[in-house]
Amino acid sequence: MFMSGIPTKTDVELEAMRKAARLVSATLAAVAPHVRPGVTTGELDRVAEEFIRDHGAVPAFKGYPGRTPYPATLCVSVNEEVVHGIPGDRVLEEGDLASVDCGVIIDGFFGDSAYTFGVGELSEASRELCRATYESLNRAIDKCRVGNRIGDVSAAVQDYCQALGYGVVRDLVGHGIGKELHEPPQVPNVGRKGVGRKLKEGLTICVEPMINQGSAEVETLPDHWTVVASDGQPSAHYEHMIAVLGSGPEVLTSFKEIEEVIEAPYKQAGIEDYG
Ligand code: MF3
Ligand code: CO
């Protein structure tokens, strides 16, 4: 359904979205045990593509239009890479932060989720960056309620992360999702409470804080895709799909299966789970 320019989902469509979300979550969980020192980002990409195709689905990012079509199944963004890192020969090393973003298409609906993994032992600063990024995502999810505005969601991320001194990336945003990977509305990670479009029942959105240890300033590498922090400091990124329902936010994706395989980097920092 298309109301005031923002598409909402019927119950049947929501069921299809849950299926896409479950598959993208399972794919990240299939990748999780491979995220270790010595693995190449290209190897992670092959694991993900095989898993997706084995489940009768198609990688959603491969061929995505840009200056050049996106060439891979995953985005693997290491350390100062914020998002859209192209998998290849890069070898992950102890202490790296590896943000893995995945998209799938199944039965005509898109799933999209991202998780920042710690490679081996992380520094205290990197663990705290993951913890704060994940906490900001949970705070934003709690604002995904009928009648709230996009600015309420955005402000939840911005206010929490900026108070801790982090750089909240402005150049990239979350988005609606459904039969397209990117549907309206945009879901920025900076904004003001009470501002922006009202959230309607049946809206499905991806909330994806991209949080830099240092400055929020980013630039794109000559490969036309990889977005890096201009000051070279590490960055973290978590992304969930959320359905805005009368009963409250339903988080369609899940990190539960990932965290049955690995110890969550933000849990290493000693905070409790937000589900
Ligand atoms: N989660 C990212 C997004 O929503 C991934 C897109 S990668 C692309 O924009 F290749 F598809 F662009
Ligand atoms: Co996304």
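Student: Where is the place of Ile177?
Tutor: This is a predicted model, in which local features need pLDDT of at least 70, side-chain atom pairs count only at pLDDT 80 or more, totals for chains, interfaces and linings use all residues, and side-chain values use heavy atoms, with hydrogens and water left out. Residues are numbered from 1 along each chain as its sequence is written, while chains are lettered from A and ligands numbered from 1 in the order in which they are written. Elements here are DSSP runs numbered from the N terminus: helices are H or I with at least four residues, strands are E with at least two. On that numbering, Ile177 falls in the loop between β9 and β10.

Student: Is Ile177 buried or exposed?
Tutor: The cut-offs are simple: buried is under 20% relative accessible area, exposed is over 50%, and partly exposed is in between, with a 1.4 Å probe and protein chains only. Ile177 has a relative accessible area of 0%, so it's buried.

Student: How far apart are the C-alpha atoms of Ile177 and Gly194?
Tutor: Along the chain these two are 17 residues apart.

Student: What about His34 and Leu44, how far apart are they in space?
Tutor: His34 lies in the loop between α1 (11-31) and α2 (41-54), and at 37% relative accessibility it counts as partly exposed. Leu44 is 10 residues away from His34 in sequence. C-alpha to C-alpha, the two are apart by 6.8 Å.

Student: Which residues are the protein donors of the cobalt ion (ligand 2)?
Tutor: A donor is an N, O or S atom within 2.8 Å of the metal (3.2 Å for Na, K and Ca), and since water is not among the atoms, sites may look incomplete. The protein donors here lie 2.1 to 2.3 Å from the cobalt ion. In sequence they're spaced D-x62-H-x32-E-x30-E. With atoms given, they are Asp112 (OD), His175 (NE2), Glu208 (OE) and Glu239 (OE).

Student: How many residues apart are Glu208 and Glu239?
Tutor: Glu208 is in the loop between β11 (203-207) and β12 (210-212), and Glu239 is in the loop between β15 (235-237) and β16 (240-245). Both are buried, Glu208 at 6% and Glu239 at 0%. The pair links distant parts of the chain, with a separation in residues of 31.

Student: What arrangement do the six donor atoms around the cobalt ion make?
Tutor: Ideal angles are 90 or 180 degrees for six octahedral donors. The rule takes six as octahedral, or four as square planar, if opposite donors are over 155 degrees apart and all others between 65 and 115; four are tetrahedral if all angles lie between 85 and 135, and anything else is irregular. Around this cobalt ion (ligand 2) the angles run from 65 to 171°, and that makes the arrangement irregular.

Student: Which strand gives the largest share of the lining of the largest pocket?
Tutor: A pocket is an open set of points on a 1 Å grid over the protein atoms alone, where a 1.4 Å probe fits and protein lies on both sides within 12 Å along at least five of seven lines; lining residues have an atom within 4 Å of a point. The largest one has a volume of about 490 Å³, counted as the space filled by probe spheres on points joined across faces, edges and corners. Its lining has 27 residues, with Tyr64, His84, Leu172, His182 and Trp225 closest to the centre. Four lining residues, the largest share, come from β10.

Student: How many residues of that lining are nonpolar?
Tutor: Nonpolar covers Ala, Val, Leu, Ile, Met, Phe, Trp, Tyr, Cys and Pro; Asp, Glu, Lys and Arg are charged, and the others, Gly among them, are polar. The lining of the largest pocket has eight polar and five charged residues, and its nonpolar ones number 14.

Student: Which peptide bond is cis?
Tutor: Look for omega near 0°. The bond runs from Pro184 to Pro185.

Student: How many disulfides are there?
Tutor: A disulfide needs two cysteine sulfur atoms within 2.5 Å. Cys130 is buried at 0%, and so is Cys161, also at 0%. The count of disulfides comes to zero.
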